[in-house]
Amino acid sequence: MTEWFSNLEFLPKVYWVVAIIGSVVFLAVMFMAFLGGDADDLGDIDTDIDSDIGAGFQFITFKNLVGFFTIFGWSGIACLNAGYSKPTTIIISVISGLLMMLIMAAMFHFISKLSDSGTLNYKNAIDAVGEVYLTIGADRSSMGKVSVNVQGTVRELDALTDSLTELKSGTIIKVVDVTSNGILIVDQTRKPIEPSVTERQKLNNGNNNLIE
């Protein structure tokens with residue numbers, strides 16, 4: 001193995017060293033990522049390019065650079081073995097590495113967005129109608145809990161009320177505000193009245209008659 005490596009020219013040696021080291025580090029980074037570690041804490045330089053929706057798109061990170069050198073090395077070896085010239089090999093390997101960086105940046109960007117989308121935004125609870133789960137004291141005298149549908153999921157959240165009477169368990173409420181620390185401010189309301197099946201059928205039939 002040593003004799004084989006020493007007989008290589010300079011450029012193939014560079015590609016082999018970069019490919020092997022890059023692959024080892026790449027596997028270690030992916031292993032750490034799956035275990036929940038953050039390889040970017042090793043001292044990367046992040047360049048945030050703000051996208052149209054305001055989320056940071058990180059192109060130059062430690063993970064992406066590892067991906068670049070890994071693909072750079074192996075694509076260079078493949079090009080040399082295929083008989084490409086040195087300039088062509090360098091161009092192809094650089095482009096391949098940059099494409100790998102772009103793919104990894106996009107992948108981690110969308111993963112982070114999926115993670116963020118699952119984070120509860122209490123402001124989304126405003127105007128939601130729910131039910132008191134644990135009695136809420138009058139005039140913010142004691143905190144209770146309410147069950148409300150937020151972001152497509154029914155949640156039990158802490159709540160206060162400005163009402164002069166306490167809101168007992170089972171009371172229908174509406175969220176009117178949210179404090180800075182995520183406590184809902186609720187007020188008593190009525191449950192929205194939904195049309196019965198018969199009424200909906202009558203409405204649909206009436207609309208169909210109008211169309212005809």
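**Close-up 1. Arg 140 and its salt-bridge partner Asp 162.** In this predicted model, Arg 140 counts as partly exposed at 41% relative accessibility, where partly exposed covers the range between buried, under 20% relative accessible area, and exposed, over 50%, with a 1.4 Å probe and protein chains only. The side chain of Arg 140 meets that of Asp 162 in a salt bridge, at 2.6 Å from N to O, a salt bridge being a side-chain nitrogen of Lys or Arg within 4 Å of a carboxyl oxygen of Asp or Glu. The pair links distant parts of the chain, 22 residues apart, with Arg 140 in the loop between β3 (129–134) and β4 (144–150) and Asp 162 in the loop between β5 (153–161) and β6 (172–178). Helices (H or I, at least four residues) and strands (E, at least two) are DSSP runs, numbered from the N terminus. Asp 162 is likewise partly exposed, with a relative accessible area of 44%. Because the model is predicted, local features need pLDDT of at least 70 and side-chain atom pairs count only at pLDDT 80 or more, whereas totals for chains, interfaces and linings use all residues. Residues are numbered from 1 along each chain as its sequence is written, and side-chain values use heavy atoms, with hydrogens and water left out.

**Close-up 2. The salt bridge between Lys 145 and Asp 158.** The structure holds three salt bridges, and in one of them the side chains of Lys 145 and Asp 158 meet at 2.8 Å, N to O. Lys 145 belongs to strand β4 and Asp 158 to strand β5, so the pair ties together parts that are 13 residues apart in sequence. Lys 145 is partly exposed, with a relative accessible area of 26%, and Asp 158 is partly exposed at 30%.

**Close-up 3. The salt bridge between Lys 86 and Glu 9.** Lys 86 forms a salt bridge with Glu 9, and the closest N and O atoms are 3.5 Å apart. Since Lys 86 lies in helix α4 (residues 86–117) and Glu 9 in the loop between α1 and α2, the pair ties together parts that are 77 residues apart in sequence. Lys 86 is partly exposed, with a relative accessible area of 45%.

**Close-up 4. Asn 64 within helix α3.** Asn 64 lies in helix α3 (residues 62–81) and counts as buried, at 1% relative accessibility. Leaving aside residues up to four places away in sequence, Asn 64 touches Gln 58, Phe 59, Met 101, Met 104, Ala 105 and Phe 108, contact meaning heavy atoms within 4.5 Å. Other buried residues of α3 include Val 66, Phe 68, Phe 72 and Ile 77. The helix has 20 residues and reaches 29 Å from its first C-alpha to its last, close to the 28 Å expected at 1.5 Å a residue, the expected span being 1.5 Å times one less than the number of residues. Gly 83, whose phi is positive, near 90°, follows α3.

**Close-up 5. Pro 12 in helix α2.** Pro 12 is found in helix α2 (residues 10–34) and is buried, with a relative accessible area of 17%. Pro 12 and Asn 81 are 69 residues apart in sequence, yet 9.5 Å apart in space, C-alpha to C-alpha.
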